[in-house]
Structure formats: structure tokens, C-alpha cells
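Have the sequence and the 3D view open as you read.

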Amino acid sequence: MCKQTEPGTAQATVLINNARTRVTEWRFAGRGDNTGWHQHKFDYVVVPLFDGILEIENADGERHHAEMKNGVPYFRQLGVEHDVINGNDFECAFVEIEFLENWLESIR
């Protein structure tokens with residue numbers, strides 16, 4: 001994922017890890033489970049595997065609710081520091097796809 005600064009309770013399962021891409025499934029058993037504080041060193045895409053809410057706590061202490069739709073991805077750039085928390089009364093999961101190298105740099 002990135003530089004982990006504080007452990008969380010969500011289960012991370014790395015599905016693919018090669019020179020260009022890391023794909024991780026994050027599974028949250030219940031409300032309040034979290035990824036732990038971390039900062040992303042790479043651009044990434046998240047694909048939710050559920051309809052519901054994730055609570056995102058940012059480095060400044062603000063927490064906001066992000067509505068997730070099953071299969072609808074979103075993109076974030078490197079540098080994001082946050083903790084991701086299950087805001088639902090059910091198990092949820094998402095797939096995180098990190099781009100470990102800059103594609104344009106790799107073809108030059």
C-alpha cells in the first residue's frame with residue numbers, strides 16, 4: 001500500500017505485486033475496522049466491492065463520509081495521508097490498484 005504509520009484492523013490481501021503494479025484487497029469485517037494511518041507513495045485506483053459508506057479521516061483530523069458504489073472506481077494521486085474506516089453495519093471490501101512506476105518514464 002504505502003508507508004504504514006499506524007496498524008489497522010482491516011485485512012489486506014496482496015493479489016498481484018510486480019515491478020509495475022500492486023493489487024490489494026482490503027476487507028473490513030465490521031463497523032469501525034480500519035486500514036490504519038498511511039501515506040500513499042504511488043498513484044492508485046480504488047474499486048469498491050459494495051454499496052455503502054467509507055469514513056475517511058485526513059491528516060488534519062477531519063473525517064468525511066465517502067459513498068461507495070459497487071464496481072465504480074475512483075483515482076487518487078500519490079501523497080494522500082489518511083485512515084479508511086468501515087462506516088457500515090456489514091462487512092465490506094475494496095480493491096486497491098497502485099501504479100508502482102510511471103508508465104511514461106518506463107517507455108523512454
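Start with a turn in the chain: strand 2 is joined to strand 3 by a hairpin of three residues. Strands here are DSSP runs of E with at least two residues, numbered from the N terminus. Keep in mind that this is a predicted model, where local features need pLDDT of at least 70, side-chain atom pairs count only at pLDDT 80 or more, and totals for chains, interfaces and linings use all residues. Residues are numbered from 1 along each chain as its sequence is written, and side-chain values use heavy atoms, with hydrogens and water left out.

Now for who sits beside whom. Two strands count as paired if DSSP finds at least two bridges between them. In general, strands of a sheet pair through backbone hydrogen bonds, either parallel or antiparallel.

| Pair | Sense | Bridges |
|---|---|---|
| Strand 2 (residues 11-17) and strand 3 | antiparallel | six bridges |
| Strand 3 and strand 10 (residues 92-99) | antiparallel | eight bridges |

Asn 17 stands opposite Arg 22 in strand 3. Over in strand 10, Glu 96 is the bridge partner of Thr 24, and Ala 93 is the one for Arg 27.

Zoom out and you get an open sheet of five antiparallel strands in the order 2-3-10-5-8. Strand 2 and strand 8 (74-76) are its edges, each pairing on one side only. On average, neighbouring strands of this sheet are turned by 20° against each other, direction ignored; the axes behind that angle are lines fitted to C-alpha atoms, and angles run from 0 to 180 degrees between N-to-C directions.

Why is strand 3 (residues 21-28) largely enclosed by the rest of the structure? Because six of its eight residues are buried, meaning under 20% relative accessible area with a 1.4 Å probe, protein chains only.

Key
Buried means under 20% relative accessible area, exposed over 50%, partly exposed in between (1.4 Å probe, protein chains only). Helices (H or I, at least four residues) and strands (E, at least two) are DSSP runs, numbered from the N terminus.
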